[in-house]
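Subject: Structure handover

Hello,

Here is the structure we talked about. Please open it alongside this message; my notes follow below.

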Amino acid sequence: MTENKEQHNTDVLVVGAGDSGMMAAAAAREAGVQVTVIEKEGTIGLLRLSNAAVNSNAQKRAGVTINKAELVEYLASFAQHNVDQKLLNLWADHSAETVNWLEDNILKPNGAYMRSEPDAMVAGDIYKAFPTENDPTIDGKSYISYGDWFVQWAKDHKIDMRYHTELIKLIKDGDTVTGAIVKNNESGEEYQISATNGVILCTGGYSANKDLLKKWNPEALKKNVYNDSPRNNGGGIIAALEVGALRDQEPAECIFDRGLVPAGTKTEDMYYQTETYDNWLWIGSYPFLKVNLRGNRFANESVPYQFITNAASKEPGYLYAMIWDADYADRLEQFHMLGCAKFGFPGYMKDKQSFIDDVDQYVKKGLVVKADTIEELAEKLHLPVENLKKTVERQNQNYIDHVDRDFGKEYFRMSPIKSKPYYGCILGGRILGTLDGLRVNEKMEVLDEDYEPINHLYTAGNDSGAFFWGSYPDRVPGLCSSHAQTFGRLAGKNAAKN
Ligand SMILES: Cc1cc2nc3c(=O)[nH]c(=O)nc-3n(C[C@H](O)[C@H](O)[C@H](O)COP(=O)(O)OP(=O)(O)OC[C@H]3O[C@@H](n4cnc5c(N)ncnc54)[C@H](O)[C@@H]3O)c2cc1C
């Protein structure tokens with residue numbers, strides 16, 4: 001360590017300025033204590049646009065009601081109860097107040113508001129869905145980002161924001177965490193921040209750290225060819241483990257099925273980290289024909305985003321191909337996709353032309369290929385020609401007969417491959433974040449190996465655990481960011497009470 005040039009004192013130290021960290025800081029500051037936020041990058045993290053809630057003001061205005069007990073049991077059963085159901089209840093009880101706070105304090109003063117999305121992605125009895133999504137908007141037709149407004153709020157409320165400042169380690173005095181050693185990444189200087197009320201870890205999980213993934217979630221390195229959270233390298237979790245914290249023993253993650261790769265890619269050779277959605281194909285989540293690298297269909301394509309990458313992980317090579325035809329843009333609306341994949345707001349592609357432009361940019365890059373015959377398409381995608389031909393014939397017959405004899409896809413989500421040119425691409429998963437983390441109690445205090453709280457150590461967001469297991473339940477849209485913001489707010493409030 002270089003010499004201590006500075007010793008800084010605060011009441012609450014928040015580590016990481018993303019969804020959970022900014023909320024934690026605001027809540028602690030509103031409770032009247034001094035707050036310092038350290039963030040290792042030069043900006044705050046992107047604050048997410050879709051936030052789940054159970055009966056927020058926006059939902060009340062829209063006439064949306066959600067049965068809390070039903071939703072909580074759904075989430076617990078989605079995770080086979082490998083979660084702490086008390087935390088699910090806690091989230092459900094506090095999610096609305098968090099979304100309302102955001103609307104009242106950050107959006108409304110800037111002319112924006114929350115819009116509730118009443119439509120929920122119900123494609124069948126098995127995949128139940130809940131209209132939990134709240135989207136910040138000014139015009140009701142598009143998203144509005146609110147990160148800059150939040151930063152201004154922090155400034156107006158005298159929160160000490162320290163950028164380029166990274167957590168190195170926590171300081172523990174006896175049983176109590178009393179602060180942290182941090183490093184200014186620009187000057188290289190390390191110094192101590194003492195935090196009278198406690199430290200809140202909000203560093204967003206470990207998806208950027210390949211070594212930790214190898215140790216804690218090796219399958220994620222095979223399922224995913226992209227990581228969309230390159231800032232989050234597990235710093236908070238590691239620091240907590242060093243002071244005796246307990247963490248989840250089984251992995252959980254949020255994966256989107258939109259990662260385009262060149263034909264011939266080997267998943268073990270690729271883990272590309274991007275913050276700018278590089279090679280992200282929006283129609284990747286649409287239920288077009290998907291085949292394994294042997295040209296055979298392997299699962300129902302009409303499933304939550306993550307499930308097709310889970311299914312592909314049981315196939316040779318982990319990656320899969322998607323095949324569609326020239327009429328694809330006319331079918332997109334009929335599929336009735338929701339969440340961020342929806343055709344039109346609150347999806348990110350506002351109309352047919354936006355989807356076409358998205359596909360065309362990848363045709364130009366060679367990541368989506370076009371062909372006038374299935375043979376040619378198979379060759380371009382490195383798929384066995386005869387298998388692909390048979391699979392396409394079978395798919396077309398199923399479509400004519402209105403029944404998916406193989407995997408039970410609903411008719412409204414089926415499409416034939418008949419109009420030329422035919423399109424194809426190779427896809428793999430994009431991890432948005434790891435969701436297994438440090439064990440916490442209902443005050444967001446980090447637990448030690450005896451399941452007792454470590455005094456004055458808190459966590460929230462993807463650093464915290466026991467809320468998700470396995471896959472992300474995307475039929476509860478906005479749950480990830482709401483989990484981060486809601487628990488960040490609770491951590492901030494509780495730390496301020498010490
Ligand atoms: C592309 C994308 C789309 C998504 N879409 C949705 C969606 O539609 N709905 C939804 O619910 N969720 C979505 N998510 C997930 C959601 O954004 C995350 O679950 C949520 O942001 C996690 O919040 P967090 O506070 O834990 O981490 P983050 O918001 O990622 O914040 C972590 C912060 O900690 C900083 N940091 C890391 N290490 C250190 C350190 N050692 N010292 C100091 N600072 C550090 C990082 O730079 C970062 O700013 C999406 C995620 C991605 C990547």
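Two strands count as paired here if DSSP finds at least two bridges between them. Keep that cut-off in mind for the sheet notes. One caution: this is a predicted model.

Start with E7 and strand E8 (residues 176-184). They run antiparallel and are joined by eight bridges. Asp173 stands opposite Thr176 in E8. The hairpin of E7 and E8 has two residues between the strands. In that hairpin, Gly174 takes a positive phi near 65°.

E8 also pairs with strand E9 (residues 190-201). The sense is antiparallel, over five bridges. Gly179 faces Ser194 in E9 as its opposite residue. Here the hairpin has five residues between the strands, and Gly188 takes a positive phi near 85°.

Ile200 has Tyr458 in E18 as its bridge partner. Strand E18 (residues 453-459) is mostly covered, with five of its seven residues buried.

Strand E17 (residues 445-447) pairs with E18 in the antiparallel sense, over two bridges. Tyr458 in E18 is the bridge partner of Glu445. E17 and E18 form a hairpin with five residues between them. Tyr451, in the turn, has a positive phi of about 65°.

Domains

The chain is divided into domain 1 (12-159 + 203-251 + 435-496) and domain 2 (253-431). Their centres, taken over C-alpha atoms, are 30 Å apart. The contact takes 35 residues from domain 1 and 35 residues from domain 2.

On the domain 1 side, strand E5 (133-137), helix H7 (218-223) and strand E10 (224-227) each give two or more residues. H7 gives the most, with five residues. By class, the domain 1 side that touches domain 2 has 15 nonpolar, eight polar and 12 charged residues.

Cores

The largest nonpolar core has 96 residues. Val14, Val15, Ala24, Ala25, Val199 and Ile200 touch the most other members. Helix H4 (residues 85-107) supplies the largest share of this core, 10 residues. Where does the core sit relative to domain 1 and domain 2? Both domains give residues to this core, so it lies between them.

Val15 is worth a look on screen. Leaving aside residues up to four places away in sequence, Val15 touches Ile38, Leu167, Ala180, Val199, Ile200, Leu201, Cys202, Thr203 and Gly236.

There is also a second, separate core of 47 residues. Leu293, Phe335, Leu383 and Leu388 are included in this second core.

Best wishes

Terms used:
Residues are numbered from 1 along each chain as its sequence is written. This is a predicted model: local features need pLDDT of at least 70, side-chain atom pairs count only at pLDDT 80 or more; totals for chains, interfaces and linings use all residues. Domain bounds come from an automatic or database domain assignment. Two residues are in contact if their C-beta atoms, placed from the backbone, lie within 7 Å. Helices (H or I, at least four residues) and strands (E, at least two) are DSSP runs, numbered from the N terminus. Ala, Val, Leu, Ile, Met, Phe, Trp, Tyr, Cys and Pro count as nonpolar, Asp, Glu, Lys and Arg as charged, and the others, Gly among them, as polar. A nonpolar core is a set of buried Ala, Val, Leu, Ile, Met, Phe, Trp, Tyr and Cys residues joined through C-beta atoms within 7 Å. A residue is buried if 20 or more other C-beta atoms lie within 10 Å of its own, exposed if 12 or fewer, and partly exposed in between; C-beta atoms are placed from the backbone.
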